[in-house]
Amino acid sequence: MVRTAADTAAMTDFFALHLCNLHLSVTEMNKSPDAQRMEKIVSLCKRRGFIFQSSEIYGGLSGCWDYGPLGVELKRNVKNYWWRVIVHERDDVVGMDGAILTHPEVLKASGHVEGFSDPMVDCRTCKARLRADQVIEKKSGRQCPNCGGRDLTEARPFNLMFQTQMGAAANESSIVYLRPETAQSIFVQFKNIFKNILEVSRKKLPFGIAQIGKAFRNEINPRNFTFRSREFEQMELEYFCRAEEGMKLLDYWLGERLKFYENIGIGRDGLHVKTVSDEERAFYSKGTYDIEFDFPFGRQELEGVAYRTDYDLLQHQKASGKSLDYFDEETKQRFVPHVVEPSAGVDRAVLALICEAYSEDEAPDEKGKMETRIVLRFHPRMAPIKCAVFPLLKNKEHLVAKAKEIVDLLRPHMNVFYDESGAIGRRYRRQDEIGTPFGVTVDFETLGEKGAALRDTVTLRDRDSMKQERILVKDLPGILVSRIT
Ligand code: GAP
């Protein structure tokens, strides 16, 4: 299996010249506005606890990332929303959670052992290992994007799977793989799931099996922050159908997936659909779309939506000798279903959300002087923290007590943050920078010290407009829940 469309097509000269080497080497790029923006995003992610390089204190593990307190919330929100719209809100999809360690026969049958590879070129001058599509092609010959050297090897296939040994005996027969995609465990459990769940509940084709989980690829050059990692997460749906429904369902799922991205806050303008050409498409696919996003480092794939025909189930049926067919009670037909697969990367969706949300505007500081404000304009549904609660002053016991009461009131409904330190303007800025959409301030009016009319009311501040409204405390949960779901 040769890697398809998205991975091979999108390398522009920009990447080849400036980004080939990186995970965090944006600082080395010519500081174009996009490069500066990316640099600020990477730095914000570290400073505010979204994403750190894995094993950083030991020099970092290339292509691996750790999500900090805010990053993990953001990632969970993406995964939970995907699960909600793909599994919980539908009658025709169930979920599963497969093992990461995978039997070698599974990946032999799927074609990964033989062909899940990228063409790799070595630069003999700087010793860089390059994906063939990173090499700069000039009239005068091929050039290393890293050092400019011209002493390059021919391209040879490099298998991207991580392999390990299972059990105490380390020999050929103990080899297992870390799964390179979540899809295969769905295919090999197709019959079990159908028998146990779908047949009992009298589900018929078309129906889907969904999974969110880790996948591993030994990328030759992990790059663009988390965009191309060696350990990452996928959200995959295998939607089984009849052959004659395949092309129609491919378009249906493209539409659904575009809606998903819009609903998590990615504007339609920044999303692009690429119809993968016959030459670029996997040989078994009858149609594939890539959903792409305008990252600061260029237009790149977020998700693939592919009509994979009956290739996968047939391969596993042949290799295992176990029937993976479906019997239609109504028509009395027995056949191996076809499948349409929307396959999304969690880390790419998270990175797209951060890139989309990052913005700078002007706002007055405490003394009324305008200053630059950094804001992550996350959709409230995705924001890691939904509401921050501030007592106006931390040394006024009653303000603090009331603010903590409000935290307790909101906590069962959402992720809330309590902050009492520093001037109120500074506290707002800190929340703006991490994308908290709402801020509640408890002041002397709340305590009734400025008259009975405003007792038990608070100010509710909107992150984007910075406007404040006065709200009854008892109405807060309802108002906020309606704005974050
Ligand atoms: N089952 C089909 C499949 O795995 P893919 O295009 O290789 O197809 C699907 O991967 C999605 O997984 C991609 O669109 C991307 O979002 C994500 N993905 C793939 N490789 C990745 C990597 N090295 N780092 C981060 N995300 C990756």
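Which side chain meets that of Arg 47 in a salt bridge? In this predicted model, the partner is Glu 433, and the nitrogen-to-oxygen distance between the two side chains is 2.7 Å. The pair joins distant parts of the chain, since Arg 47 belongs to helix 3, which covers residues 33–47, while Glu 433 belongs to helix 13, which covers residues 424–434, and the two are 386 residues apart. This bridge is one of 45 salt bridges that the structure holds.

Before going further into the details, the confidence of the prediction deserves a word. The protein chain has a mean pLDDT of 92, and 94% of its residues reach 70 or more. Residues 1–29 form a stretch where the pLDDT is below 50, although in the model this stretch has 91 contacts beyond near neighbours in sequence. Where pLDDT is low, the predicted coordinates should not be read in detail.

A shell of 20 residues surrounds the ligand, and the closest of them are Glu 181, Arg 217, Glu 236, Glu 301 and Leu 302. Sorted by class, this shell has 10 charged residues, together with five polar and five nonpolar ones. Three strands each supply at least two residues of the shell, namely strand 13 (231–241), strand 16 (298–309) and strand 19 (338–345). Strand 16 gives the most to the shell, with five residues.

From the backbone, an N or O atom of Ser 229 lies 2.8 Å from a ligand nitrogen, and an N or O atom of Phe 227 lies 3.3 Å from a ligand nitrogen. From the side chains, a polar atom of Glu 341 lies 2.9 Å from a nitrogen atom of the ligand. Taken alone, the ligand exposes 550 Å², and the protein buries 91% of that area.

The peptide bond from Leu 205 to Pro 206 is cis, with omega near -5 degrees. For Arg 202, phi is near 55 degrees, a positive value in a residue other than glycine.

A further loop, the one between strand 20 (358–364) and strand 21 (370–376), is the place of Glu 366. Leaving aside neighbours within four places in sequence, Glu 366 is in contact with Ala 423, Gly 425 and Arg 426. Along the chain, Glu 366 and Ala 423 are 57 residues apart, yet their C-alpha atoms are separated by 8.0 Å.

How values were computed: Residues numbered from 1 in each chain as written. Predicted model: local features only at pLDDT ≥ 70, side-chain atom pairs only at ≥ 80, totals over all residues. Heavy atoms only, no water. Near = heavy atom within 4 Å. Polar contact = N/O pair within 3.5 Å; in protein donor to acceptor, adjacent residues only side chain to side chain. Areas by Shrake-Rupley, 256 points an atom, 1.4 Å probe, with all protein chains shown as cover. Helix = DSSP H or I, 4+ residues; strand = E, 2+ residues; numbered from the N terminus. Nonpolar A, V, L, I, M, F, W, Y, C, P; charged D, E, K, R; others polar. pLDDT = per-residue confidence, 0-100. Contact = heavy atoms within 4.5 Å. Salt bridge = Lys/Arg side-chain N within 4 Å of Asp/Glu carboxyl O.
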